[in-house]
Amino acid sequence: MTAVERLESAREDLLTGSPPPDWTARRQLASCGPLLTAITDEYTRTDDPAGYAAFLGAWLEACPLTSGALAAVPLPADTVAAEIGPLWENALGLFLETFPPLWPQVKATLPEPDVYARRILDGLRRAWVTLRPAASGEYAVRALRRGDLYKGQELVGLRRCAVNTLYPGHGPAFTLWKDVVREHTLAAPTREQVTRFRERGFTYDDRFVPTAERAAVAAFVVALTALPDQEGPDGRIDLRGTIVPLEIDVSGKRIRYEFVTGHDRRIRVERIGPPAPRPVPATLTGTTAEHLAEAFGLRSVAQRTGSAWTAADVRTVAVILDRARPRLRETFGNLALLRDGQPPGDDPDLLNGGAYHHSAHDVDPAELPDPPHIHLYDPAFDTRDLRFCGAPGDHGGELEFTLGHELGHVMANEPRHRVFAVLNERREAARPGPDALIDDYKAVHSTLGLSAQFRVSQLRNAWMEARSLHTAAYDLYRKTGHAYANALSSSQADLIDATRPHFEQARTQAEKAARAMAECAVALDKFASESNLVLQNPSLSRAAALTKALTLDLYRVLEGYVTLSSRVLDFVALARRVGHPILTSYAATDHGEWYAETWALFLTDPERLWDLCWPMYRWLEDGCRRLDAAELPEAFPA
């Protein structure tokens, strides 16, 4: 038996649950590292790239620490269970350290390198877990995360370096399938449907499904592919190139699976595991709406009459808010969350789980707090849709993806709205200054000689006239800037093209008026200094400072507002440059929805987004800063 065959045999034994798991898992893990080293040494001597690449994929596939492999394995809190997690982390760290330096040479001589790379990438997702004690004291599978180390290095960083070696630009594209599947529509498949399944060219890989669950999962796969769709091939739903995350009933238990269908109609089924809550952030000290607001500094956490926040709702929402906090901390203080009932509309099956409103909403303002706010509707809290999000050891329900999506809209819009509010506040604060200065000049006017009175009146009036002209020019600059910013925010090319010339022309006129006002201010301040007026009132020489507050200071804020308004447009430009795909059918409806769907994946399944398109992941992680035309985010900044 070859090394690859031994690994595959050991994995199958675990999936059947037949051997004593305490010694089998530990023995296999203890041998993983030496086997990897031995085969790597053999490759360097024999130069068999295809054999080595196949071994790398098989090595990951044999990992006993997947939701599938441990599905039938009891995990008591004993010494053996405590050893398994660290053993696998060391073995996986060795894998991530060993193969990337060799891969470019291996890849160069492979006939179909992407086939092998995809197998390794799939294996990394499946095996990206460890075994650690849960809050109950029992050992449970959880995803590897920041803080999990190998030789002092974070495993997350090693994994990402390895993925970038496999796919330097971006990984295989997919569509995350979000259409609603009701379980009652998936009756047991008929013999005819099974035959049709084969005739349509589907193949089905259940190697990673526990033996006891294979019959139920196979029936679900056949029934899923038989769903009618008038627009699909042969009148059936088209799943090619899709990932379908669904929660199904297996022997009376709810189990989460991913159905991954290639364009060749090959279906691979991945067991994610039974529903389990993600760890609650430490900042959440209770389970009421008030606790949620306090933990994240939210303006309000409210509910419509007839709806109520449950303890489970609060804990789930806290998980996603905690992940979004580093990039939305300043926004939380002005944001309200609303636990709502049924979404607007007449279709009870329409899965509209949330909505973000900034300046308009569809509820009685006496009952719910004003925008900006996020509505979370009943469908987001309802398990009927069967959908979930996330990876093995780190998965949640539909609510988490919905909230992540709406927070994406917040990320795209609230920073610019906040800056626009600052612009208006500064303008109102700066507006009274010139009138106060004129009053101060009037107070000392009678103390001056006739020639000085004439000169100061001349300079003062010129400055005030320049101020009046600038006010009109600035108002147009602000108005056209607001229209241009809204066009940028919509990312609609025709609106952008229509509003840009007006904005640029108004900016030019405002800058010209600002220069004229500044020249008058300098002359007025100079006279105050040379005529010793500042001895009577030292604050008289402040015309230039007041002018700057009304011109350059406001311009910087207005230009910042316009820049922030192009966030979705910047996203689209980067996405097209680096090949970031439109993730879902809903993302295809609008650029803003594409951005929000990407943000939801960033929060709920970060490693999948990295595997798919690391430049996009890094751009979101960096706070969506504006990039030059040829600039890309750094994969691993110093």
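## A friendly note on this predicted model

1. Among contacts in the protein chain between residues at least 6 apart in sequence, 72% join residues at least 24 apart. Please keep in mind as you read that this is a predicted model. The chain has 638 residues, and 52% of them count as buried. Its C-alpha atoms fill a box of roughly 110 × 60 × 50 Å along the principal axes.

2. Let us turn to a sheet. Five strands make up an open sheet in the order S5-S7-S8-S9-S6, and the pairing is mixed. S5 and strand S6 (203-205) are at the edges with a single partner strand each, so one side of each has no neighbour in the sheet. As background, strands of a sheet pair through backbone hydrogen bonds, either parallel or antiparallel.

3. How many residues of strand S7 are buried? The strand spans residues 242-250, and eight of its nine residues are buried. On one side, S7 runs parallel to strand S5 (residues 175-176), joined by two bridges. Here threonine 175 stands opposite threonine 242.

4. S7 also pairs with strand S8 (residues 253-261), this time antiparallel and through nine bridges. To find the pairing on screen, look for glutamate 247, which stands opposite arginine 256 in S8. S7 and S8 form a hairpin with two residues between the strands, and serine 251 takes a positive phi near 55 degrees there.

5. Moving along the sheet, six bridges join S8 to S9, and these two strands run antiparallel. Valine 260 stands opposite arginine 268 in S9.

6. Another hairpin is worth a look. Strand S1 (residues 129-133) pairs with strand S2 (residues 139-143) in the antiparallel sense over five bridges. Valine 129 has alanine 143 in S2 as its bridge partner. Five residues lie between S1 and S2, and glycine 137 in the turn has a positive phi of about 100 degrees.

7. Now for the interior. In soluble globular proteins, nonpolar side chains tend to be buried together. The largest nonpolar core in this model holds 110 residues, and Phe95, Trp103, Leu292, Leu321, Leu407 and Tyr595 touch the most other members. Helix H4 (residues 79-108) supplies the largest share of this core, twelve residues. Setting aside residues up to four places away in sequence, leucine 321 touches Leu292, Phe296, Leu298, Phe332, Leu337, Leu403 and Leu407.

8. Is proline 100 buried or exposed? Proline 100 has a relative accessible area of 12%, and buried means under 20%, so this residue is buried. Proline 100 is in helix H4. Apart from neighbours within four places in sequence, proline 100 is in contact with Phe95, Ala162 and Thr165. Between the C-alpha atoms of proline 100 and leucine 176, which are 76 residues apart along the chain, the separation is 28 Å.

9. How many cavities of 30 Å³ or more does a search of the whole structure find? The search finds three. The largest cavity holds about 130 Å³ of space. It is lined by 15 residues, and Leu176, Pro245, Phe388, Cys389 and Phe401 are the closest to its centre. Strand S14 (388-391), helix H12 (398-430) and helix H20 (591-604) each give two or more residues to this lining. S14 gives the most, with three residues. Sorted by class, the lining has seven nonpolar, two polar and six charged residues.

10. Finally, a look at an open space. The second largest pocket has a volume of about 810 Å³. Among its 38 lining residues, Arg118, Asp122, Val260, Arg266 and Arg268 lie nearest the centre. Helix H5 (113-127), S7, S8, strand S9 (266-273) and helix H21 (606-612) are the elements that give two or more residues to this lining. Which element supplies the largest share of the lining of the second largest pocket? That is H5, with eight residues. By class, the lining divides into 13 nonpolar, eight polar and 17 charged residues.

Definitions and conventions
Residues numbered from 1 in each chain as written. Predicted model: local features only at pLDDT ≥ 70, side-chain atom pairs only at ≥ 80, totals over all residues. Heavy atoms only, no water. Buried < 20%, exposed > 50% of the residue type's maximum accessible area, 1.4 Å probe, protein only. Helix = DSSP H or I, 4+ residues; strand = E, 2+ residues; numbered from the N terminus. Pairing = 2+ DSSP bridges. Core = buried A, V, L, I, M, F, W, Y, C linked by side-chain atoms within 4.5 Å. Contact = heavy atoms within 4.5 Å. 1 Å grid on protein atoms, 1.4 Å probe; cavity = no way out; pocket = protein on both sides within 12 Å on 5 of 7 lines; lining within 4 Å. Points joined across faces, edges and corners; volume = space filled by probe spheres on them. Nonpolar A, V, L, I, M, F, W, Y, C, P; charged D, E, K, R; others polar.
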